[in-house]
Amino acid sequence: MKTKRLPPVFVGHDIYRQPAYGNNHPLAIPRVERVIDLCRALGWLQREEFRPSPRAGAAELARFHTPEYIAALRQATQEGKVDAQARARFAIGTMENPLFPGLFERASTCAGGSILAADLCLEGRIAYHPAGGTHHGRADRASGFCYFNDPALAILRLLDRGIERLLYVDLDAHHGDAVQDAFAADPQVWTISVHEQGRWPYTGSAIDTAGGRTCNLPVPSGFNDRELGLLLDDVILPLGGRVAPQAVVLVCGADALAGDPLSSMALSNVRLWSAARAIVALAPAAVVLGGGGYNPWTVTRYWTGLWATLSGRQIPDTLPPAARAVFEGLECDLIDAEDVSPRWSTTLADTPNEAPVRREIEVLRDEALRRADTGCWSAARRLMADAAPIAAATLPAAGAIPAGADAIREGGRHAVD
Ligand SMILES: [Zn+2]
């Protein structure tokens, strides 16, 4: 396992405390703000660990998004309305991607947070930005509740700073379609997505390898902890290791958890925490993002415990009163009151879901490995063999990263397995 040189950082902002998405939208629930409050209530967020997210400027956004789309989103937010032509062209002001006060500021703060996280991870550490993970945003339009594509912007920042081999892993319940498409032709980026089959956006089939550096793992409903463990041990970690990534960008959508109203995967948060820990260990630098997640209780528990895991803290069996208070007043239109488990506000860790591994998961594994061996992943293996020792291969070319990021050179050089 490679070690990071510097302690993890948490990137956040108070803008997420403001109402957003209007009424009757699945994202009109408290998420990141409760994670920050719960981390603070548990004493897990020291002043030096927290970095406020800057707002991405137009030039930063234009690294991925078209100037026309950026301008249209800004104008619609300023005017509080969007005309039919702009709605059709940019998919904003719709039920799916509603217009609401502060939209442009919120979306560009989210984008700026992931760009900052990329800069911070280049110092040789984990940068955690749970507000990020808007993986459906297209260069020229909104999609799937996502306006800007902050994972793509983080990846581009890392490439611009000299990273030459990057691994993107997406554990959200929905296929990371826009990130896959953005980098399908880029020989420096490999992508892996685990998502529920038959869900919107209905892409990411097992035979879809994009340019050859993509591995899609569409899983059946009820996907459980042992099944994730099998795909992790047999596919995700071995293929990720072949890339010998200099940086990992990981999307941790909380809709992969049991109890999410918009998906029917059945993972426990404890399994996802350990999966995230193993995935970020593949590289000396990592950006860890949030994503979907529509049950405010399970989102808050997952992402708070994820920060604890990434920052090396012990998760208690039961929460103290100050931490339980963070869950007070939570409600969600998509979840019936009788379905709210009392454990959701008294504990952090789920009971593991140790149902058996189904045959179709083994078939999926075999198919993924077969396709990887005939695609660019085998080239990645040769590349890794040529680049031994791995630690030396983690170094961006001299002069390719700014002076302030000297640490990654040291962090990479001294990375140990
Ligand atoms: Zn999702």
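Predicted model: local features only at pLDDT ≥ 70, side-chain atom pairs only at ≥ 80, totals over all residues.
Reader: Why are helices α5 and α6 called roughly parallel to each other?

Author: Helix α5 (residues 103-121) and helix α6 (residues 150-160) pack at an angle of about 30°, and since angles under 35 degrees count as roughly parallel, α5 and α6 are therefore described in that way. Their axes lie 8 Å apart, and the crossing of α5 and α6 is right-handed.

Reader: How do you know that the buried residues of α12 line one face of the helix?

Author: The buried residues of α12 are Ile-361, Leu-364, Ala-368 and Ala-372, a label that requires 20 or more other C-beta atoms within 10 Å of the residue's own. Seen down the axis of α12, these buried residues fall within an arc of 60°, so they line one face. On the other side of α12, Arg-359, Val-363, Asp-366, Arg-370, Asp-373 and Thr-374 are exposed.

Reader: What span is expected of helix α12, and what does the helix reach?

Author: Helix α12 (residues 359-374) has 16 residues, and the 23 Å from its first C-alpha to its last is close to the 22 Å expected at 1.5 Å a residue.

Reader: What makes β2 and β6 the edge strands of the sheet?

Author: The open sheet has eight strands in the order β2-β1-β3-β8-β7-β4-β5-β6, with parallel pairing, and β2 (50-52) and β6 (214-219) are its edge strands in that each pairs on one side only. The twist averages 15° from one strand to the next.

Reader: How do you know that β3 and β8 count as paired?

Author: Pairing requires at least two bridges, and strand β3 (residues 126-129) and strand β8 (residues 286-289) pair in the parallel sense over four bridges, with His-129 standing opposite Leu-289 in β8.

Methods
Residues numbered from 1 in each chain as written. Helix = DSSP H or I, 4+ residues; strand = E, 2+ residues; numbered from the N terminus. Axes fitted to C-alpha atoms, helices over the stretch in contact; angles between N-to-C directions. Expected span 1.5 Å × (residues − 1). Buried ≥ 20, exposed ≤ 12 C-beta atoms within 10 Å, placed from the backbone. Arc of directions from axis to C-beta. Parallel < 35°, antiparallel > 145°, perpendicular 65-115°, else oblique. Left-handed = near helix turned anticlockwise from the far one by under 90°.
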